Amino acid sequence: MSRYLFDNSAPESQGRFSVLESCYDPVSRRQLESTGLKAGWRCLEVGGGSASLGGWLAEQVGPGGEVTITDIEPRWALPRSVQPHVRLLRHDIVRDPLPGDGYDLVHARLVLLHLPERLQVLKRLVGALRPGGWLVLEEFDCSWVPVLAAPDEDAAALFRQVHTALNGLLEASGADPLWGQRALGAMVRTGLVDVMATTYAEAWLGGSTGIALHRHNVDQVAHQLVQAGLSDRELGRFRILLQDPEFVANSYPLISVRGRRPFEENTP
């Protein structure tokens, strides 16, 4: 199976899924609705996690449609995927054949960012669309997470230090923390048309639901962060800072890109 910095099989991943659902699911649902999503569509949800979006897609397409949810660790999705028109598959998007083609909609959120083979995977996802079908990719721009308020400059510097170290681990694992900036151009180069993007961000206050994403991420890779040069004391101060209501950081910007496979394609 492909390796990721954040292990989806670890129990700690559930906390990360919960934050992403709370903060970003409403954004993702609006993006999916903008494709014209309707009853009867066939949809592929790649890297479905806990299936919060896959289950919602199943409601939208109804029993006359079909939703396939894939994940490298599908057990977290089981409670939301027990429906006759939903398939849940253990699937490695890098190494395994796609579970079908001719999809009306393919969606992946925060998946390709982690894959060194992201461009090859992108081409495969485009190829799985029916003519006129939509691909929606949603990715973070991990470079722009400014501190908006802090108790003092030392606190702001600590946040930036830990965030920089985490981005370094992502890069070392083959992820691209800037993939959100690059996704639209990559989708255009595949031949998709009507490509467009929107960016969503909000302020995360200390102690809020959203800012807990930083804690879940750090907790899961704390050992690697210490190996990268941070101390246990600094990580402890960082966790305390995330609970301080005087501390405010910008959320990870989620860049949602959608594009449509042309009805008529030029062949070489």
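**Entry 1**

I began with R260, which forms a salt bridge with D194, the closest N and O atoms being 2.5 Å apart. I count a salt bridge when a side-chain nitrogen of Lys or Arg is within 4 Å of a carboxyl oxygen of Asp or Glu. This pair links distant parts of the chain: R260 sits in strand β10 (residues 254–260) and D194 in strand β7 (residues 193–200), 66 residues apart. Strands are DSSP runs of E, at least two residues long, and helices are runs of H or I, at least four residues long; both are numbered from the N terminus.

R260 is buried, with a relative accessible area of 16%. D194 counts as partly exposed at 40%. My cut-offs are under 20% for buried and over 50% for exposed, with partly exposed in between (1.4 Å probe, protein chains only).

**Entry 1: ground rules**

The model is predicted: local features need pLDDT of at least 70, side-chain atom pairs count only at pLDDT 80 or more, and totals for chains, interfaces and linings use all residues. Residues are numbered from 1 along each chain as its sequence is written, and side-chain values use heavy atoms, with hydrogens and water left out.

**Entry 2: other salt bridges**

I noted a count of 11 salt bridges by this rule. D104 and R130 meet in one of them, at 2.4 Å, N to O. This pair, too, links distant parts of the chain: D104 is in strand β4 (residues 103–109) and R130 in strand β5 (residues 129–140), 26 residues apart. D104 is buried at 11% relative accessibility. R130 is partly exposed at 24%.

R75 forms a salt bridge with E73, and their closest N and O atoms are 3.6 Å apart. R75 is partly exposed at 41%. E73 is buried at 11%.

R118 lies in helix α3 (residues 118–127). Leaving out residues up to four places away in sequence, R118 touches L112, L113, G174, A175, D176 and W179. Contact here means heavy atoms within 4.5 Å.

**Entry 3: R109**

I placed R109 in strand β4. R109 is buried, at 13% relative accessibility. Its C-alpha atom is separated by 5.9 Å from that of L137, 28 residues apart along the chain. Beyond four places in sequence, R109 is in contact with residues including L20, E21, Y24, D25 and E138.

**Entry 4: the whole chain**

I counted 8 helices and 10 strands. The radius of gyration is 19 Å, close to the 18 Å that the globule rule gives for 268 residues, so the chain is as compact as a globular protein of that length. That radius is taken over C-alpha atoms, and the rule is 2.2 Å times the number of residues to the power 0.38. The C-alpha atoms fill a box of roughly 55 × 40 × 30 Å along the principal axes.

Buried residues make up 54% of the 268. Among contacts between residues at least 6 apart in sequence, 77% join residues at least 24 apart.
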